Amino acid sequence: MSDPSETFTVKSSRSLTEPRAVRWLLTGLALGFLTLFLVIPLVFVFVQALAKGFSTYWTAIIEPDALAAVRLTLIAAAISVPLNLVFGVAASWAIAKFNFRGKALLITLIDLPFSVSPVIAGIIFILLFGRQGWLGPWLAAHDIKIIFAVPGIVLATIFITFPFVARELIPLMQAQGSEEEEAALVLGATGWQTFRRVTLPNVIWGLLYGVILCNARAMGEFGAVSVVSGHIRGLTNTLPLHVEILYNEYNFAAAFAVASLLALLALFTLAAKTIVESKIRHHPGKTTGKTEG
Amino acid sequence: MSSPFKQRSVLPGFGLTLGFTLVYLSLIVLIPLAGLLLKTATLSWDEFFGTLTSPRVLASFRLTFGAALIAALVNAVFGLLVAWVLVRYSFPGKRIADALVDLPFALPTAVAGITLAGLYSPNGWIGRFLDPVGIKVAYTPLGIMVALVFIGLPFVVRTVQPVLEDLDKELEEAATCLGATRLQVFVRVIFPAVLPALLTGFALAYARAIGEYGSVVFIAGNMPMISEITPLLIITKLEQYDYAGATAIATGMLLISFMILLTINLIQRWNRRHIEP
């Protein structure tokens, strides 16, 4: 895509880029930095995971507590991702397709969970539902456990992953405007048909992008979940918490074995993200509405 | 007739979607956060202010905000460099490098934590070279900075990169034609254009680093007064059932985070005014 400008640059003037030595130096520095901080840690996880042989690795993964952690992690993601997806679609429809007062404030509020420390995300639910919390006595009287139980973990995960889908969709739908939807409505489509046939196909890759990021964070969240979990083995441990327990027991091979599952999830996330990004870029008119309009 | 609240539109679903948005936002975010502020309001002034100014809390604030600041500065420098190299130069493996930049977003923080602790411990892959020359990284404040640099890495790259891509080459050509050297073009033309994005990325990395917990606790050493970050101190207070203390510190942190968020918004507004006059 950048070919025409590049050939023009090279032909017209050499000084439009840096001398070759500077280019190599800068590239080397940047790649060195990325290797030190990204590549080496990634390789380290898998080397440590397999350091004591494949059978140790496999044992650590199929151990009942590890499998229980896998299950809880999947449950937390399976509840929080769809909820935040529905929210993201609703919020972006309201924000992108209509003008109303307080819109800027609403967008800021939706972003709030990103600027709150995960630990604070945990403590707010303890203050609400914990034994000494606002609803604690009522919950105890009705024998409902939220803190140090699965519901607390799910709630903390929903809070942490709250903005992901919405923040991808809002700018995308804003850039597209609402002429296409208006045309569909004039031609007799219902609101739901308009959304499904006109809006959704236009934003589907952006939506998928948000879901991928949301899912990665939901499965990987540590701080917030750690505060509300109570660390009960086999019951309230997610995968990241299970990694922590194994590591603190100096069972490094097992800790890195379980961690390698999460690292694989991260690699899968990066691959899916890259594919979706190229789809977004190759749908002209989908994201460039702003500059063209 | 448009109401004072909402402009008229032919599209349906405004009430439904906005209603759902507000209810869900309130239930998940606003009411729980309000609970924290309400709890803070029940503390006496001594409980609140006394907790925040106790030596251990102050030491944790200094460490958390200081280490986060240094890490964000490192990220600003190297983030700009990485973004520049990814946009302007071509080299083998560029697409992989580009995709890998987001690893800190995708890798669970606990995994990052145990990995960095393992790498930088005195007999780890990297620590074994640093230990003989007297540089101790793991279980010191330096280790905290390493973890925070890792966590904040994508923010600056991903905010600066699109701005560099959209940068008008004609401006650089004009400056070059008028006799500017390459360095002058960078300092006078390119840098001012990416500065707002750089500041935004810096602020985002800083905000993230302040609240970070998972990647830090494993490498920090967690010694009170020396290498104990504020989020860890909140958890310690919770585990001691000191809810008042935990609440006070959490509210203090929250207020500072909001101020940073406000700053980011101001930078972006200023940025938009400069780009779209």
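How many salt bridges does the rule find across the interface of chain B and chain A? Keep that in mind as you go through these notes, and remember that the model is predicted.

1. Let's start with the answer: the rule finds 2 salt bridges across the interface of chain B and chain A. One to look up is Lys273(A) with Asp102(B), where the closest N and O atoms are 2.4 Å apart. Here is the general idea behind such a pair: side chains of opposite charge can pair when their charged atoms come close.

2. Which helix of chain B gives the largest share of the side that touches chain A? That would be helix H1 (residues 14-41) of chain B, with 17 residues. Sorted by class, the side of chain B that touches chain A comes to 63 nonpolar, 16 polar and 9 charged residues.

3. Now for the extent of the interface. On the chain B side 88 residues are in contact with chain A, and they meet 90 residues of chain A. The area buried between the two chains is about 8200 Å², and carbon and sulfur atoms give 79% of that.

4. A word on chain B as a whole. Its secondary structure comes to 13 helices and 0 strands. The C-alpha trace of chain B spans about 75 × 65 × 30 Å along its principal axes.

5. Next, have a look at the second largest pocket, which holds about 360 Å³ of space. It is lined by 16 residues, and the closest to its centre are Val89(A), Trp192(A), Phe195(A), Leu16(B) and Thr17(B). Which elements give two or more residues to this lining? They are helix H4 (64-97) and helix H11 (191-220) of chain A, together with H1 of chain B. H11(A) provides the largest share, 6 residues. The lining divides into 13 nonpolar and 3 polar residues, with no charged ones.

6. In general, rolling a probe the size of a water molecule over the atoms shows where empty space is left. A search of the whole structure finds 4 cavities of 30 Å³ or more. The second largest cavity has about 40 Å³ of space. Among the residues that line it are Lys97(A), Gln176(A), Glu181(A), Thr199(A) and Asn202(A). H10 and H11 of chain A each give two or more residues to this lining, and H10(A) has the largest share with 3. By class, the lining of this cavity has no nonpolar, 5 polar and 4 charged residues.

7. Glu181(A) forms a salt bridge with Lys97(A), and their closest N and O atoms are 3.2 Å apart. The pair links distant parts of the chain: Glu181(A) sits in helix H10 (residues 179-186) of chain A and Lys97(A) in helix H4 of chain A, 84 residues apart. Both residues also line the second largest cavity. For the overall tally, the structure holds 16 salt bridges over all chains.

Methods:
Residues numbered from 1 in each chain as written. Chains lettered and ligands numbered in written order. Predicted model: local features only at pLDDT ≥ 70, side-chain atom pairs only at ≥ 80, totals over all residues. Heavy atoms only, no water. Contact = heavy atoms within 4.5 Å. Buried area = accessible area lost by both parts, 1.4 Å probe. Salt bridge = Lys/Arg side-chain N within 4 Å of Asp/Glu carboxyl O. Helix = DSSP H or I, 4+ residues; strand = E, 2+ residues; numbered from the N terminus. Nonpolar A, V, L, I, M, F, W, Y, C, P; charged D, E, K, R; others polar. 1 Å grid on protein atoms, 1.4 Å probe; cavity = no way out; pocket = protein on both sides within 12 Å on 5 of 7 lines; lining within 4 Å. Points joined across faces, edges and corners; volume = space filled by probe spheres on them.
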